[in-house]
Amino acid sequence: MSIHPTAMVDAGAQLADGVEVGPWCTVGPGVVLHEGVRLVSHVVIQQDTTVGSRTVIHPFAVIGGDPQHGGYKGETVTLEIGADNLIREHCTFNRGTPQGAGVTKVGSSNLFMTGAHVGHDAVVGDNVVMANNATLGGHARIGSRVFLGGLCAVHQNGRVGQGAIVGGLAAVTRDVIPYGSAWGNHARLHGLNLIGLKRKGYGKDAIRRLLAAYRDLFEGQGTFADRVDAAAAEYADLPEIMEIVAFIREDGKRPLCLPGE
């Protein structure tokens, strides 16, 4: 363990072996830093926050801050961060609220670029990239392997499904399906995240079937509900399409992001 003489570490914090707390950092009460966590310098971890192993946090990030919610009255709420995250300068992660789940959850192996914000009660999966100044409103739910472009904003209670990509500057007021590609202000669905699928090793035949299923869902005949039911029957052997169907059928709190809307 290495704690710089200028750092302030509360007596109620728990620091594991191999933790490095750099110059002018503040580690508050109820904070747990697992093995190999590194706070580069000038990092504030306010309170009641768990940071997973080998996560690195860069200068001027404020982690575990009070939720930005008018109803918060100082109750005990928490933030949980997984392992192997890279959190760059000026990021802000808020704890949960009693009105919500009481906890904000961030997975593992994520990259949060400068100025990214994770709002209260949000849930972020694994292998997510939030580019510079991307913002999550309270209660947002972000699946694994999502890319959120710079300066985009996901509305409170919004969902972005696994494997999706959201373009820079997009105002995401509607839920984005898994593997979808959404951009614009306000964001609209513009197909599938083909780059992400190729990077994950999907071959041409697999992508061709996924595109066919996408067209049946969003460009076919009949009502949208009928098309969803038909796709569930036609593509029952495609787990990605069944994931999209389940996402659509889930009772989300935001409307669905659709092509042309």
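The second largest pocket has 14 lining residues, and those nearest its centre are Asp121, His139, Arg141, Asn157 and Lys253. Its volume is about 230 Å³. The lining splits into 7 charged, 4 nonpolar and 3 polar residues. For the classes, Ala, Val, Leu, Ile, Met, Phe, Trp, Tyr, Cys and Pro count as nonpolar, Asp, Glu, Lys and Arg as charged, and the others, Gly among them, as polar.

Ground rules next. This is a predicted model, where local features need pLDDT of at least 70 and side-chain atom pairs count only at pLDDT 80 or more, while totals for chains, interfaces and linings use all residues. Residues are numbered from 1 along each chain as its sequence is written, and side-chain values use heavy atoms, with hydrogens and water left out.

A pocket here is an open set of points on a 1 Å grid over the protein atoms alone, where a 1.4 Å probe fits, with protein on both sides within 12 Å along at least five of seven lines; lining residues have an atom within 4 Å of a point. Points are joined across faces, edges and corners, and the volume is the space filled by probe spheres set on them.

Now the largest pocket. Its volume is about 330 Å³. It is lined by 16 residues, with Arg145, Phe147, Asn193, Gly196 and Arg199 closest to the centre. Which helix gives the most to that lining? Helix H1, residues 194-199, with 4 residues. By class, the lining has 9 nonpolar, 4 polar and 3 charged residues. Helices (H or I, at least four residues) and strands (E, at least two) are DSSP runs, numbered from the N terminus.

On to the sheets. Two strands pair if DSSP finds at least two bridges between them. E2 pairs with strand E5 (residues 26-27) over 2 bridges. There, Met8 has Thr26 as its bridge partner.

Another open sheet has 8 strands, also parallel, ordered E3-E6-E9-E12-E15-E18-E21-E24. Strand E3 (14-15) and strand E24 (159-160) are the edges, each pairing on one side only. Inside the order, strand E15 (residues 103-106) and strand E18 (residues 123-124) run parallel, joined by 2 bridges. Val106 stands opposite Val124.

Last topic: rings. There are 3 aromatic pairs in the structure. Rings of Phe, Tyr and Trp (its six-membered ring) pair if their centres lie within 6.5 Å; planes under 30 degrees apart are stacked, over 60 edge-to-face, the rest tilted. Phe93 and Phe112 are edge-to-face, at 4.8 Å centre to centre and 70° between planes. This pair links distant parts of the chain, 19 residues apart: Phe93 sits in strand E14 (residues 92-94), Phe112 in strand E16 (residues 111-112). Phe93 is buried at 0% relative accessible area, and Phe112 is buried at 0% too. Buried means under 20%, exposed over 50%, partly exposed in between (1.4 Å probe, protein chains only).

Why is the pair of Tyr214 and Phe218 called tilted? Because the planes are at 45°, with ring centres 4.8 Å apart. Both residues lie in helix H2 (residues 204-219), 4 residues apart, about one turn. Tyr214 is buried at 6%, Phe218 at 11%. Together with Phe224, Tyr214 and Phe218 form one aromatic cluster.

Arg159 lies over the face of Phe247, 3.8 Å from the ring centre. The criterion is NZ of Lys or CZ of Arg within 6 Å of the ring centre and within 35 degrees of the ring normal.
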